[in-house]
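Visitor: Hi, I'm new here. Could you walk me through this one?
Guide: Happy to, let's have a look together.

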Amino acid sequence: MSAPDEQPELLPGMVRATVKASQAKARATRARTSAAAAVAEVDPVARVLVDVPLAHLDRPFDYAVPATMDEGVRPGVRVKVRFAGQDLDGLVVDRGATSDHPGTLAPLRRLVSAERVLSPEIAALADDLAERYAGSRADVLRLAVPPRHATAEKEPSPPAPPLGELPPAPEGWADHPLAAAYLRHLREGGSPRAVWGAVPGADWPALVAHAAAETYAGGRGVLVCVPDGKDVARLERALVDRLGEGHHVALTAGRGPAARYREFLAVSRGARRIVVGTRAAAFAPVHDLGLVVLWDDGDDLHSEPRAPYPHVRETLLLRAEREGTAVLLGGFARSVEAAYLTRTGWAHDLAPERAALRRAVTVGVAGATEWELDRDPHARTSRMPRRLHESVGRALERGPVLVQTPRLGYATALACERCREPARCGRCRGPLAIGGPTSPPACRWCGTPDEAWACSACGHRGLRAPVLGDARTAEELGRAFPGVRVLTSSGERVLAEVDGAPAIVVATPGAEPVATDGYAAVVLLDTWLLLGRTDLRTEEEALRRWCNAVGLVRPGGEALVVGDPAHPAVQALVRWDPAGFAERESAQRQEAHLPPASRLATITGEPGAVDDAVTLLAAPESAEVLGPVDVGEDECRVVVRVPRAQGPALSAALGELQRVRSARKLDAVRIQVDPVGL
DNA sequence: GTGCGAGTATGA
DNA sequence: CATACTCGCACC
């Protein structure tokens with residue numbers, strides 16, 4: 001903050017005068033026993049982001065820096081300030097000689113700690129994200145800066161050891177023609193951006209660790225975000241294999257506040273410059289950030305459930321642009337958003353060679369339709385057609401077999417027992433579901449019970465709950481393959497890893513254990529169930545889950561899909577073409593004015609408040625307002641949609657709306673920009 | 001959100 | 001005219 005040339009000495013002097021006046025006034029009016037503290041000689045003004053939940057107060061406020069705190073008050077430190085009659089937490093974002101505030105400045109109440117927990121980069125990121133998601137900086141900062149732990153803060157953060165000789169590079173990158181150039185750029189300090197489609201069976205943690213090591217060896221920091229703790233553990237092991245101990249930290253939820261803060265400090269102090277973690281790690285203040293990596297960006301664990309609901313992909317891409325870093329967006333599957341990045345040329349496509357894919361896995365479809373499956377005597381007991389049963393039997397001689405089955409209760413809708421036609425309400429066509437063990441099936445939309453249901457397609461009167469769940473599946477498979485070890489991994493009891501011995505491993509999507517040397521075969525059961533949902537991302541999400549399971553196969557292994565070979569998502573899996581699928585999906589969404597070619601936002605709340613908000617919203621000309629629709633709990637929701645180019649204008653309008661509503665004390669509405677599930 | 005001053009209602 | 005209350009707005 002430097003004074004303009006034409007007023008060299010004037011501004012600082014003015015501020016000092018103002019501050020002194022404020023102290024005089026405070027003395028006079030309150031007649032405190034102790035004299036008001038002197039103010040710092042140089043840069044007596046601290047700009048502070050105060051932790052207030054109100055949108056219209058979401059901006060820095062200026063405070064006078066007492067001389068006693070002169071040393072410690074620097075950008076990024078925590079302070080306590082008097083604000084609207086209460087003592088609140090704040091973060092110093094800047095210090096300067098002058099203030100724009102016309103009144104007198106209150107002094108900082110207390111310097112909580114001289115530890116600089118908010119770097120300028122993360123402060124800027126919080127600005128970007130608050131703007132983008134129409135939320136407040138305070139909310140973003142609550143996600144970005146972990147709670148202080150005084151004991152952990154007293155401990156020093158030992159520096160990372162010198163980088164030793166690196167082991168030979170893993171082979172997997174050779175399957176991607178562009179990878180060598182990409183990795184070279186990383187090492188040389190460049191900022192290449194790529195969307196990477198991993199080959200099934202690839203040891204992706206080793207490949208990510210290699211990319212991280214190249215960047216690190218070139219003198220820069222790395223940030224890797226993965227969906228869950230299981231992936232963090234895998235990546236940690238890969239990083240240690242590659243670089244040795246002590247070069248990275250893991251930032252995950254559920255490791256306790258002390259550990260969390262200790263690891264955060266190791267990063268903010270620059271003692272560690274490689275970070276791997278789950279979504280909270282996206283905010284890690286890595287020094288000299290050179291590369292951000294996001295694995296499986298389609299996993300909805302990357303979507304933050306707390307306001308303002310930022311998505312890790314968005315957070316990392318904003319950082320990459322602002323901090324000029326390289327980007328690696330990897331996965332076995334490809335999200336529509338990732339496809340959009342390659343389509344617009346924002347990122348390169350680090351696609352695998354066709355030949356490598358052919359070597360990696362053979363995907364076959366078994367049991368053409370569920371109808372056929374039902375007529376097959378084998379399928380009666382195991383939901384597996386004979387051909388599949390034989391393949392699994394053979395694969396079991398070579399190693400473990402993964403069987404993916406949809407989670408119990410994943411789809412609660414009922415279907416015709418005979419032809420699998422989804423059961424629909426006779427009145428409103430909504431899905432029928434079982435309310436409880438004794439109640440008759442009822443419509444999930446209008447609530448009408450239907451005791452005399454008959455299938456509209458075949459006239460059959462029997463209903464089946466389509467999901468059998470992993471426990472039942474495991475039991476059936478145990479009977480079908482006597483003497484074979486059957487393990488399950490789902491829900492509360494998730495296995496991280498299984499050994500190479502023959503076993504049937506039944507897992508729900510996302511809970512698949514890694515096999516030490518990969519699975520001899522991967523079987524996908526009940527694929528029609530994952531496709532039975534009706535939301536926007538059903539097919540993309542189903543394909544993602546299948547690809548992630550098939551990704552665990554050992555090189556040269558096989559995958560078997562029980563499903564409809566004519567379905568586009570099943571075809572994309574068989575041909576292993578998630579990129580092409582995402583590309584087509586992306587084009588379709590563009591035609592239908594859906595994200596990512598459009599930007600959507602939802603406004604949710606009491607009907608009156610939502611209605612009011614829509615009236616108040618100064619949306620861009622091109623905006624469409626859809627709804628409101630009832631979403632239960634006396635709440636309703638509208639969707640606002642604009643072409644992507646108008647996205648920033650929509651965000652700005654929504655932000656302004658929140659500030660106006662907060663200032664006028666109107667009933668709160670919840671705003672979500674680009675919500676994942678719609 | 002809280003605190004405060006202006007403005008309005010109410011009553012001795 | 002004194003006191004009690006609501007309303008609106010600033011909050012550094």
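Visitor: How do the residues of the surface near DNA strand C divide into nonpolar, polar and charged?
Guide: That surface has seven nonpolar, three polar and two charged residues. Ala, Val, Leu, Ile, Met, Phe, Trp, Tyr, Cys and Pro count as nonpolar, Asp, Glu, Lys and Arg as charged, and the others, Gly among them, as polar. This is a predicted model, where local features need pLDDT of at least 70 and side-chain atom pairs count only at pLDDT 80 or more, while totals for chains, interfaces and linings use all residues. Residues are numbered from 1 along each chain as its sequence is written, and chains are lettered from A and ligands numbered from 1 in the order in which they are written.

Visitor: New topic: how many residues of α17 are buried?
Guide: Eleven of the 13, so α17 is largely enclosed by the rest of the structure. W546 and C547 are among them. Buried means 20 or more other C-beta atoms within 10 Å of a residue's own, all placed from the backbone.

Visitor: At what angle do α10 and α19 pack?
Guide: About 85 degrees, with their axes 8 Å apart. The axes are lines fitted to C-alpha atoms over the stretch in contact, and angles run from 0 to 180 degrees between N-to-C directions. These helices are therefore roughly perpendicular, a label for 65 to 115 degrees.

Note on methods
A residue is buried if 20 or more other C-beta atoms lie within 10 Å of its own, exposed if 12 or fewer, and partly exposed in between; C-beta atoms are placed from the backbone. Helices (H or I, at least four residues) and strands (E, at least two) are DSSP runs, numbered from the N terminus. Angles under 35 degrees count as roughly parallel, over 145 as roughly antiparallel, 65 to 115 as roughly perpendicular and the rest as oblique.
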